[in-house]
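Here's a quick briefing to read with the model open beside you. Take it topic by topic, and keep the viewer handy.

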Amino acid sequence: MTGPDYLAALLLLAGALFFLAGTLGLLRFPDVYTRLHALTKADNVGLGLIVLGLSLQSGSWLVAGKLILIWLLVLLAGASVSHLIARGARLRGIPEWRR
Amino acid sequence: MPDLYHALTLFLLLNLGAGLWRVVRGPTAADRMLAAQLFGTTAVAILLVLAQAGGVAALRDVALVFALLAAVAAVAFVRRAWPQPEDEHDRP
Amino acid sequence: MQSRNPLRAALPLPRLLAFALVWWLISEGAAASWSIGVPAVLLASWLSARLLPPQRLTPSGLLRFLGFFLLHSLLGAVDVAQRAFRPARPLNPGMIDYSLQLGPGLPRVFMLNVVSLLPGTLSADLEADCLRVHVLDADQDNPAQLAQLEARVAGLFGLTLP
C-alpha cells in the first residue's frame with residue numbers, strides 16, 4: 001500500500017464509522033424527529049467520506065466526478081425526503097420527545 | 001485494499017440489517033419510512049464500494065438509479081401510502 | 001439583453017454546459033454515448049429553462065457556501081455521532097420558529113433543503129415566512145446559526161438580505 005492508499009483506507013473507515021453512528025442513532029434515539037437527524041446527517045457524511053476514499057482509489061477524474069454527482073443526488077433526495085417525513089409526522093400529530 | 005472493500009461491504013450490510021429492526025419495530029409509520037432513507041444511502045455506498053472492488057463500472061449506474069428510486073419511493077409513500085390526517089379526525 | 005434572442009432564451013448556455021457536464025460524467029466519458037447524450041442534454045436544457053428561469057449564481061458566493069456547508073456538515077455529523085455513541089444519549093430537542101428573510105423561490109427552497117442537511121437542524125414546516133425547525137440541541141444558539149446560513153445562501157444567489 002502507498003500513501004494515497006492509506007489515506008483512502010482512512011476515509012473509507014471514517015465513512016463506515018458514521019454509518020454505524022447513523023444506525024445507532026436510528027435504533028437509540030427517542031422519536032422520529034431525532035432519528036431523522038441521526039440517519040440523514042450521519043449517513044450523508046458517511047457516504048461523502050466513502051465517496052472521497054473511492055475517488056482517490058479510482059485514479060480517474062471522470063469517475064471521481066461521477067461519484068460526487070451521485071453523492072449530491074443522494075443529498076438532494078435525503079433533504080427532500082426528511083423534510084417530507086418530518087412535516088407529515090407533524091401534520092399527523094406524532095408527538096416530539098422532550099427531555 | 002480488496003480485503004478492506006469486502007470487509008466494508010459486509011459491515012455496511014450488517015448496518016442495513018440492524019437498521020431494519022427500527023422498520024419492524026416502528027412504532028409509527030414515519031419510523032418505518034426511515035427505511036427509505038436508510039436504504040437510499042447505505043445501498044448506494046455498498047454498490048459504489050462493490051463497483052470499485054470488482055472493477056464493475058455498471059454498478060455505479062445501479063447506485064445512481066438506486067439514489068433516484070429511493071427518493072421517488074419515499075415521496076410516493078408520504079403522498080399516497082401514508083393515511084391522510086383527515087381520515088383519522090373524521091372517525092367518530 | 002440575453003433574453004432578446006429566442007434561441008438563447010430557450011436553451012441558455014449555462015444550462016447546456018451544466019447538463020453536458022452531467023452527461024459526460026454519467027457516461028464516464030464514453031464517446032459513443034453522445035448519440036443519446038446530445039438529444040438528452042438539449043431536451044433537459046429546454047425543459048429546465050421552461051420550468052426554472054435563469055438564476056444568478058456568484059462564483060465567490062458558491063465557494064464560500066461550499067466551504068461553509070462542508071465544514072458544518074462534518075462538524076455536525078461528529079456532533080450527532082457522539083450523541084449516538086454516548087451511553088447517556090445526551091439530547092435536548094426542541095422546535096423553534098425562524099422568520100425567513102429570503103423571499104419565495106429557489107433561494108428559499110435551497111435554504112430549506114440545506115437546513116435539513118446540516119446536522120442539528122431539520123426543517124419541519126413552512127408557513128408564510130415562518131420556518132419551523134426541529135433542533136437536536138435547544139441549548140445551542142440555533143437562530144444565530146440559521147441567520148449565518150441564510151446569509152451564505154443569499155451570497156450564493158447574489159442577493160443581499162434586508
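Predicted model: local features only at pLDDT ≥ 70, side-chain atom pairs only at ≥ 80, totals over all residues.

Start with chains A and B, which bury about 3800 Å² between them. Then look at the largest nonpolar core, with its 49 residues, and at the 11 salt bridges found over all chains.

**Where chain A meets chain B**

- The contact draws on 43 residues of chain A and 42 residues of chain B.
- Carbon and sulfur atoms give 76% of the area buried between the two chains.
- As for polar pairings, six residue pairs are in polar contact across the interface of chain A and chain B, with both residues at pLDDT 80 or more.
- On the chain A side, the elements that give two or more residues are helix H1 (3–28), helix H2 (32–58) and helix H3 (61–91).
- H3(A) gives the most to that side, with 15 residues.
- Sorted by class, the side of chain A that touches chain B has 30 nonpolar, eight polar and five charged residues.

**Nonpolar cores**

- In soluble globular proteins, nonpolar side chains tend to be buried together.
- Which residues of the largest nonpolar core touch the most other members? They are Leu47(A), Ile50(A) and Leu54(A) from chain A, Val44(B) and Leu48(B) from chain B, and Met111(C) and Leu149(C) from chain C.
- H3(A) supplies the largest share of this core, seven residues.
- Another core, of 22 residues, lies apart from the largest one, and its members include Ile85(A), Ile94(A), Leu16(B) and Val78(B).

**Salt bridges between chains**

- Side chains of opposite charge can pair when their charged atoms come close.
- Two salt bridges turn up across the interface of chain A and chain B.
- In one salt bridge, Arg35(A) meets Asp31(B), at 2.3 Å from N to O.
- Lys66(A) and Asp61(B) also meet in a salt bridge, with an N to O distance of 2.5 Å. This pair joins two chains, because Lys66(A) lies in helix H3 of chain A and Asp61(B) in helix H3 (residues 58–81) of chain B.
- Is Lys66(A) buried or exposed? Lys66(A) counts as buried, because its relative accessibility is 1%, under the 20% cut-off.
- Asp61(B), at 31% relative accessibility, counts as partly exposed.
- Salt bridges that share partners link Lys66(A), Arg60(B), Asp61(B) and Glu28(C) into one network.
- Arg87(A) pairs with Asp125(C) in a salt bridge, 3.1 Å from N to O. Here too the pair joins two chains, since Arg87(A) lies in helix H3 of chain A and Asp125(C) in strand S2 (residues 121–127) of chain C.
- Arg87(A) is partly exposed at 31% relative accessibility, whereas Asp125(C) is buried, with a relative accessible area of 8%.

**A salt bridge within chain C**

- Glu127(C) forms a salt bridge with Arg132(C), and their closest N and O atoms are 3.8 Å apart.
- Glu127(C) is partly exposed, with a relative accessible area of 44%.
- Arg132(C) counts as buried, because its 19% relative accessibility falls under 20%.

- His72(C) sits in helix H4 (residues 59–85) of chain C and is partly exposed, with a relative accessible area of 29%.
- Beyond its neighbours within four places in sequence, His72(C) is in contact with Leu118(C) and Pro119(C).
- Asn142(C) belongs to helix H6 (residues 142–156) of chain C and counts as buried, at 4% relative accessibility.
- Leaving out neighbours within four places in sequence, Asn142(C) is in contact with Ile96(C), Thr121(C), Val135(C) and Asp137(C).

Definitions and conventions: Residues numbered from 1 in each chain as written. Chains lettered and ligands numbered in written order. Heavy atoms only, no water. Contact = heavy atoms within 4.5 Å. Buried area = accessible area lost by both parts, 1.4 Å probe. Salt bridge = Lys/Arg side-chain N within 4 Å of Asp/Glu carboxyl O. Polar contact = N/O pair within 3.5 Å; in protein donor to acceptor, adjacent residues only side chain to side chain. Helix = DSSP H or I, 4+ residues; strand = E, 2+ residues; numbered from the N terminus. Nonpolar A, V, L, I, M, F, W, Y, C, P; charged D, E, K, R; others polar. Core = buried A, V, L, I, M, F, W, Y, C linked by side-chain atoms within 4.5 Å. Buried < 20%, exposed > 50% of the residue type's maximum accessible area, 1.4 Å probe, protein only.
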